[in-house]
Amino acid sequence: MTPAYATFGEVAAERRIASAPLSHVSIELGHLYMEDFQAGPDRLREQFRQVAPWAETMRRSWQSRVPGGRARVSTCFLIDDYFSRFSTPAELVPMVLEAAAECDLTIDYLARESACAEADGVMLARLVEDRLVTDPPAGSDGSRPPVTETGWLCNGTRSPYSGAVQAMGSARRWEPPAQNAKRRHSIFVDVELWDTDSRGRTWSCPFLAAVWQLLRLGLIRNEGELPVRPKPRGASFPSEWDDLPAIVQLNPAAAPFSAYSTLSVLSSRFLPVELAVRTILSQVFVDAQVLGQVADRSGGEGIRLPDELVDRISYVFLGA
Amino acid sequence: MLVMGEVRTGLLQNSGEIPESLCQSVLGLLSGERVRVSRRPIVYAVSPDQLTGVDCRLASASQARVRGVGTVLSRASVTGGRVLQGSSHIQVVRSESDHRLSWSHYLARPGVVEVFGKIRVPDLSEGFAESARNDCLDLGSVSERFMDAVQASPFLDRKAPFRSARTRLRWVAESGPTGSGGAESGPTGSGGAESGPTGSGGAESGRAGGGARTPEGTGIRFTLGRDQVRTLRLVLPGGFSPGIVDFCEDLALHDWLLTTLLVIVEKARVGTASRAEVTAKLAPAVDHLLHLWMPAARLDDAFAPFWETLERRPGFSRQWHSLVERVRDQVAINTLALLRETGGW
């Protein structure tokens, strides 16, 4: 609980924040793009074979931390239906499940990437974009609005615009960008959040991945409510992606979808994407009351979570 | 504890007061977040909290270079559907690091600004309250921007019924000598109301406000500065509580009401202009302001003694009620005059 909101005695004046059921860890077993699908089921099986020991290690690690070994571990799998549409749920999902089962992996939840942009009528990506508080360069004293480039987010100060010509007509010398929290040398990161074309706005892969991490950490609320709740699977899978719920619960006995922490096991080609994700997440302001709920719950179990949400996210990057 | 803030107060740019139902649209500065509305004893609506990142100098009386990094917590509110406030504040704490950390560290501490090196509270509080430097932390501009965002709402007609100025209240709250930083005791917790700020009449007003502290370490000093600038210095036992911000906003609201009513009465030229003219000039006050006076309406009881002190000196309510009576008398006299003219009396 943050005292900042607890200032009223009237019911209409009080904030009510739903709490999310939480596991100890949410393990992402994979992220399927069209190119992976086109490479055939063997590629998928190979991925799962590589992922399995890491998932098991994480499960054991939590079992050893929790009294009685009763660790709540849920697994999830993300399918891209946002940047390209391929196959159908009816055809693809059973194939994924079969490949996972061959490697002794259970996929508890299946999510669609487009759900990170909009799910059940809630514009999740917009909600997160509205909660960006930009990392201020030195000299930001509040007198002017933060300097932003529409649709981009960086971790420092950009190079001055190189096309500018100074008054005397000489071209301006290049100046380096700078990271705000640099330790002597900078690692400057500038992330494209979205672009637009005739069809409107398209969110970037890192931005949707940042939303995905926030969903898995149970930290997004819309008007105090959980924006997405997993729906149980039907007898069969639909033939259209839009007919598949945003998050499907495949395993009825699964631990909750959201968790105190997350692990993503990924191919190392996703390393730049995840750097971008962390650059975004470092600038997302999560509701203090929601953070307080999670801290209270984990504290009640004797688990101390890191204050900074990027520290709740772990990765394993696998070679090609 | 060292908390600093600045509240800007002004008239909502709309011809009439806005209904409660419109507050959600006007103050909904953050998608997916409801505006909170309190209905008793006066309709008060407040926007979701907003954060702004800063990394800059903090003003210091000794001109020392003090760098702070963190986030400013701001909100906008509308009282009685009529008065708009933008309010921002920070808690100043010492950084445990000697260099700037990753931004996620600061975002995990909303409304906290971390200062590198030792914090000299009197130096920073004096510096902030009196600062005229323009390269230091500027909470007023942050508050102003959120006000502007509200005024730009398409739901407002931007036809204010009368002209009025925005007032600025810059405030600093610090722990008294006995303040242990614990949050259990309110401002009067240690000594009770008897020995609290009311005990020694700690309020001072006027350009050279002197201020006073009780032995228990609570005190309040309100200074009316030039233009529309006011400063408020508070000394409290205990640590930060959101009630401090509420109190400062409440004081700023009532100071604005008083300031604005004074200007309206002055411009009415009572005794010089014709009765009809005077009444016409006073009408907006009757329509839009007189019912809004409700000091300490939603405040934590712990802050009531501060209001009581201010009621004694400078006597906010005394001045307000005297002005209100004057306005009503003028309207009554004019009514009588009109009745006599029409032969109805």
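I will go through two interfaces, one inside chain B and one between chain B and chain A.

This is a predicted model, with local features needing pLDDT of at least 70 and side-chain atom pairs pLDDT 80 or more, while totals for chains, interfaces and linings use all residues. Residues are numbered from 1 along each chain as written, chains are lettered from A in the order written, and side-chain values use heavy atoms, without hydrogens and water.

Domain 1 of chain B puts 15 residues into the contact and domain 2 of chain B puts in 8, where contact means heavy atoms within 4.5 Å. About 910 Å² is buried between these domains, 73% of it from carbon and sulfur atoms; buried area is the accessible area (1.4 Å probe) that two parts lose on being put together, summed over both. On the domain 1 side, B:Pro41, B:Ile42 and B:Arg82 lose the most area, together 43% of what that side buries.

Now chain B against chain A. Each chain gives 43 residues to the contact, and the buried area is about 3600 Å², with 52% from carbon and sulfur atoms. In chain B, B:Arg36, B:Arg100 and B:Trp103 lose the most area to chain A, together 17% of that side.

How many salt bridges cross between chain B and chain A? There are 4, a salt bridge being a side-chain nitrogen of Lys or Arg within 4 Å of a carboxyl oxygen of Asp or Glu. B:Arg109 and A:Asp307 form a salt bridge at 3.4 Å, N to O. Between domain 1 and domain 2 of chain B, the count is 0.

Technical notes
Domain bounds come from an automatic or database domain assignment.
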